[in-house]
Amino acid sequence: MLPTSARVKSYLLFLIVAVIWGIAGPVIKFTLAGFSPLVFLTYRFAISAAIALVLLTISGLKLPKDLKVIWTVLAYSFLSTTVSLGFLFFGFEKTTALYGSLISAAGPILIAIAGVWFLSERITRRETVGIAIAFSGSIVTVLGPILKNTGGEAGLLGNILVLVSVAVGVATAVLAKKLLRARVPPSTLTHLSFIIGFVTILPLTFLGNTPASLISQIKAAPLAFHLGVFYMALLSGTTAYWLWHKAQKTIEIGEGALFAY
């Protein structure tokens, strides 16, 4: 059992992250009016990657020598950025901020279940009942556009894409916990994720944009959309991910995930 002070510190960090990520849904939806998902992600990752390179240059890259751990870090970095956020952004483009945020609320439920299956964490009987009720509600939310006959196929597709992002997020939560147990520093995990994210998203962006058109789109956007990108890069990205990794190092992933509510 963790000392009370260590657990309370983790709780506070998770609470800060929950506030930052709670605001992120509407910010994403708003900013997608100014940038396409790929341009948005590329711009965001570029900012976070630049910060990461500076901080890693100062502190140094600290990774265990185990080759399996290194490959797992690379896989985690790719999944937690390009894959997870790619599905999330494309999903938010096709659904509403409300639906997207509600579906994302399925994440903590699934993470708690994954913690039991893959990390031998424990949940109480009461928590099990609550998870079942909440999961049922999330499924109804995903099917909302059909049940209410609103949003059509586009709304349903957007909801499904957000749900896929949630599923990938569950997998990365388990991987992150294993990497933190393997003594990978939270800061290293955060910074490498955004560097890998930028390197892997850039080729996809250039399939539909030349470097000149990409820069032109970014320059032409109003200030409000740039502020949205910087919020996602600096607060929802670098800051929140570092705090989340730091907090997740000390308590169960299922318990930490519940702060999203």
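Let's start inside helix α3 (residues 67-94), which is where Thr82 is found. This is a predicted model, so treat the points below as a reading of that prediction.

**A buried threonine and its partner**
- Thr82 has a relative accessibility of 8%, so it counts as buried, the limit being under 20%.
- The Thr82 side chain has a polar contact with the side chain of Thr200, at 2.5 Å.

**The salt bridge**
- How many salt bridges does the count give? The count comes to 1 salt bridge.
- That salt bridge joins the side chains of Glu252 and Arg7, with 3.7 Å from N to O.
- It links distant parts of the chain, as Glu252 sits in the loop between α11 and α12 while Arg7 belongs to helix α1, 245 residues apart.
- Are the two partners buried or exposed? Arg7 is buried because its relative accessible area is 11%, under the 20% limit, whereas Glu252 is partly exposed at 31%.

**A patch of positive charge**
- On the surface, Lys9, Arg183, Lys246 and Lys249 come together as a patch of positive charge.
- One of these residues, Lys249, is placed in the loop between α11 (223-248) and α12 (253-257).
- With a relative accessible area of 45%, Lys249 is partly exposed.
- Arg183, also in this patch, lies in the loop between α8 (152-181) and α9 (186-206).
- Arg183 has a relative accessible area of 72%, so it is exposed, the mark being over 50%.

**A nonpolar patch**
- Which residues make the nonpolar surface patch? Val8, Leu12 and Leu15 do, and the patch covers about 260 Å².
- Leu15 has its place in helix α1 (residues 4-31).
- The relative accessible area of Leu15 is 47%, so this residue is partly exposed.

**Positive phi angles in two loops**
- As background, most residues other than glycine have a negative phi.
- Ser120 is not a glycine, yet its phi is positive, at about 60°.
- Where is Ser120 found? Ser120 is in the loop between α5 (106-119) and α6 (125-142).
- Ser120 counts as exposed, with 65% relative accessibility.
- Arg183, met above in the charged patch, is another residue other than glycine with a positive phi, near 70°.

Notes: Residues are numbered from 1 along each chain as its sequence is written. This is a predicted model: local features need pLDDT of at least 70, side-chain atom pairs count only at pLDDT 80 or more; totals for chains, interfaces and linings use all residues. Side-chain values use heavy atoms; hydrogens and water are left out. Patches are made of residues with over 30% relative accessible area and no salt bridge: like charges are joined within 9 Å, nonpolar side chains (Val, Leu, Ile, Met, Phe, Trp, Tyr) within 5 Å. Accessible areas come from the Shrake-Rupley method with a 1.4 Å probe; for residues, only the protein chains shown count as cover. A salt bridge is a side-chain nitrogen of Lys or Arg within 4 Å of a carboxyl oxygen of Asp or Glu. Lys and Arg count as positive and Asp and Glu as negative; His and the chain ends are not counted. The place of a charge is taken as NZ of Lys, CZ of Arg, CG of Asp or CD of Glu. Helices (H or I, at least four residues) and strands (E, at least two) are DSSP runs, numbered from the N terminus. Buried means under 20% relative accessible area, exposed over 50%, partly exposed in between (1.4 Å probe, protein chains only). A polar contact is a pair of N or O atoms within 3.5 Å; within protein, one must be able to donate a hydrogen and the other to accept it, and residues adjacent in sequence count only if both atoms are side-chain atoms.
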